[in-house]
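Please look over the structure shown below before reading the notes that follow. The briefing is grouped by topic and begins with a question.

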Amino acid sequence: MTPQSSNLVHALSFDIEDWFHIVEVKAVENPDLWPDLHAKSSLVERYTDLILEICARHNTRATFFILGWVAERHPAMVARIAAAGHEIGTHSYWHRKVYELTPQTFREDMQRSIDVIEAASGTRIAGFRAPSFSITAGTEWAFDVIADLGLLYDASLFPAKRGHGGYACPQGPHHHAAPSGRRIPELPMSIAPVGYGPLKKRMCFSGGGYMRLLPLSLIEQGIAAEAAESRPTVIYLHPRDFAPDCPKVSMPPHRYFKCYVGTSTTARKLDALLERHRFDTCRTVLENHFGTLAPLIEEHAA
């Protein structure tokens, strides 16, 4: 751990969805199939409990951005997450990409997720992360919907090109201006130069397939690079990232590799990072930068 990193509190987050919520995979993209897949092969509760065990082992809090569809079927799991002192956020209800929705459809999906998750957790939701980081140029109206719903911050921007998102924005915590002019606290995903010699490139290093694929030394290199700029690193993982026994379905070779590589290494890497660095919730990291977060309108009704 570098001296710069030791002075920072990094953000630990998990997107709580099941293995069949992978986007743009024909074998599982029809929601009509999900109830049967859930009954036969759900892994979300088993591996969320593993995540809770790892966090408890290191006395570390995290933000759990939960899919409404999952919260509706696993209310006891949502209650356990809240009882352990973690922050609860929303990951939408249906796991649809924001750039494929209208503002009204997005609003309805978000309100449904908030209602379900708050009922299960008994807590107010403050933060949102879009499925697949799918707030892109042209969908800035989503920030006004987020503010209208009384949420306090967003964690959906991915400041580099990627398959299902990507948005040119400042790195690290900042305020993002919605079309209405309201300024919403934003905690984007971490991007840093990682690698050696001519193979060194600016990339994500601390989440999903990137974290499963990269050796711990390169993840640490990314954390050090961000810390040198006084920026906290944001980790994001899903329950399926910890699941070597995750069911496998047909998909293009590059997606197959990215979806399933390194699942047996995730728990070990996360254990090591929580041992070496300080982590807390996304809200705490933002409040360390901006002070107490306040709603841009009155909070959503109880």
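With which residue does Asp109 form a salt bridge, and how far apart are the closest N and O atoms? The partner is Arg96, and the closest N and O atoms of the pair are 3.1 Å apart, where a salt bridge is a side-chain nitrogen of Lys or Arg within 4 Å of a carboxyl oxygen of Asp or Glu. Asp109 lies in helix α6 and Arg96 in the loop between β3 and α6, so the pair ties together parts that are 13 residues apart in sequence.

This is a predicted model, in which local features need pLDDT of at least 70 and side-chain atom pairs count only at pLDDT 80 or more, while totals for chains, interfaces and linings use all residues. Residues are numbered from 1 along each chain as its sequence is written, and side-chain values use heavy atoms, with hydrogens and water left out.

**Helix α6**

- Helix α6 covers residues 103-121, and because its 19 residues should span 27 Å at 1.5 Å a residue, the 26 Å between its end C-alpha atoms agrees with expectation; the expected span is 1.5 Å times one less than the number of residues.
- Helices (H or I, at least four residues) and strands (E, at least two) are DSSP runs, numbered from the N terminus.
- The buried residues of α6 are Phe106, Asp109, Met110, Ser113, Ile114, Val116, Ile117, Glu118, Ala120 and Ser121, buried meaning under 20% relative accessible area, exposed over 50% and partly exposed in between, with a 1.4 Å probe and protein chains only.
- These buried residues of α6 pack against β2 (63-66), α4 (68-73), α5 (75-83), β3 (87-90), β4 (127-128) and α7 (141-148), contact being defined as heavy atoms within 4.5 Å.
- Just after α6, Gly122 takes a positive phi of about 70 degrees.

**Packing of α5 and α6**

- Helices α5 and α6 pack at an angle of about 65 degrees, with their axes 7 Å apart, the axes being lines fitted to C-alpha atoms, for helices over the stretch in contact, and the angles running from 0 to 180 degrees between N-to-C directions.
- That angle makes α5 roughly perpendicular to α6, since angles under 35 degrees count as roughly parallel, over 145 as roughly antiparallel, 65 to 115 as roughly perpendicular and the rest as oblique.
- The contact is made by Pro75, Val78, Ala79 and Ala82 of α5 together with Ile117, Ala120 and Ser121 of α6.

**Salt bridges**

- The count of salt bridges by this rule comes to 20.
- Within the pair that opened this briefing, Asp109 is buried, with a relative accessible area of 4%, whereas Arg96 counts as partly exposed at 33% relative accessibility.
- Glu287 forms a salt bridge with Arg283, the closest N and O atoms being 3.3 Å apart, and both residues lie in helix α12 (residues 282-290), four residues apart, about one turn of the helix.
- Glu287 is partly exposed, with a relative accessible area of 24%, and Arg283 is partly exposed as well, with a value of 27%.
- An α-helix has 3.6 residues a turn, so residues three or four places apart point the same way.
- Lys26 forms a salt bridge with Glu29, with the closest N and O atoms 3.9 Å apart; Lys26 counts as exposed at 70% relative accessibility, while Glu29 is partly exposed at 42%.
- Arg107, Asp144, Asp148 and Arg182 are linked in a network of salt bridges.

**The loop between β3 and α6**

- Ser92 is found in the loop between β3 and α6, where its phi is near 85 degrees, a positive value in a residue other than glycine, and Ser92 is buried, with a relative accessible area of 3%.
- His95 has its place in the loop between β3 and α6 and likewise has a positive phi, near 65 degrees, in a residue other than glycine; His95 is buried, with a relative accessible area of 8%.

- Ala142 is found in helix α7 and is buried, with a relative accessible area of 0%.
- Leaving aside its neighbours within four places in sequence, Ala142 is in contact with Val98, Phe106 and Ile135.
- Asp36 has its place in helix α2 (residues 34-41) and is partly exposed, with a relative accessible area of 40%.
- Asp36 and Val249 are 213 residues apart in sequence, and their C-alpha atoms are 15 Å apart in space.
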